[in-house]
Amino acid sequence: APSSKPSNLRKPYLQIAIFGVEANARDATASMTAKGLSASMSKLTLNNKPFWRVIVGPAATAADMSAMRKTVTAAGFADAYAVKN
């Protein structure tokens with residue numbers, strides 16, 4: 001039976017990339033959204049330099065994660081990996 005929880009995965013998000021240019025992160029976020037995925041970006045600072053992290057998800061099931069990964073990989077983000085958020 002399907003889970004009533006939003007996700008049964010320990011790491012239901014895919015981090016697709018970390019960008020050093022905010023416009024590139026915005027473009028990637030918009031691209032993922034246009035492909036039907038829920039995408040978000042967040043700013044972080046490392047060594048006094050700004051970076052923008054882009055994630056998609058959450059996936060509710062392993063099958064959803066697999067489908068999400070296929071979409072992300074087809075868009076050119078083959079090194080995306082699962083994260084908690």
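The mean pLDDT of this predicted model is 92, where pLDDT is the predictor's confidence in each residue, from 0 to 100. Values of 70 or more are reached by 93% of the residues. Residues 1–5 stay under 50. For these residues the model has one contact (heavy atoms within 4.5 Å) beyond four places in sequence. Local features need pLDDT of at least 70 and side-chain atom pairs 80 or more, while totals for chains, interfaces and linings use all residues. Residues are numbered from 1 along each chain as its sequence is written, and side-chain values use heavy atoms, without hydrogens and water.

The protein has two helices and four strands. These are DSSP runs, numbered from the N terminus: H or I over at least four residues for helices, E over at least two for strands. Their order from the N terminus is β-α-β-β-α-β. The radius of gyration is 13 Å, close to the 12 Å of the globule rule for 85 residues, so the protein is as compact as a globular protein of that length. The radius is taken over C-alpha atoms, and the rule is 2.2 Å times the number of residues to the power 0.38. Along the principal axes, the C-alpha atoms fill a box of roughly 45 × 25 × 20 Å.

Among contacts between residues at least 6 apart in sequence, 68% join residues at least 24 apart. Of the 85 residues, 32% count as buried, that is, under 20% relative accessible area with a 1.4 Å probe, protein chains only. The protein exposes about 5,300 Å², computed by the Shrake-Rupley method with a 1.4 Å probe. Carbon and sulfur atoms supply 53% of this area.

Conventions:
Buried < 20%, exposed > 50% of the residue type's maximum accessible area, 1.4 Å probe, protein only.
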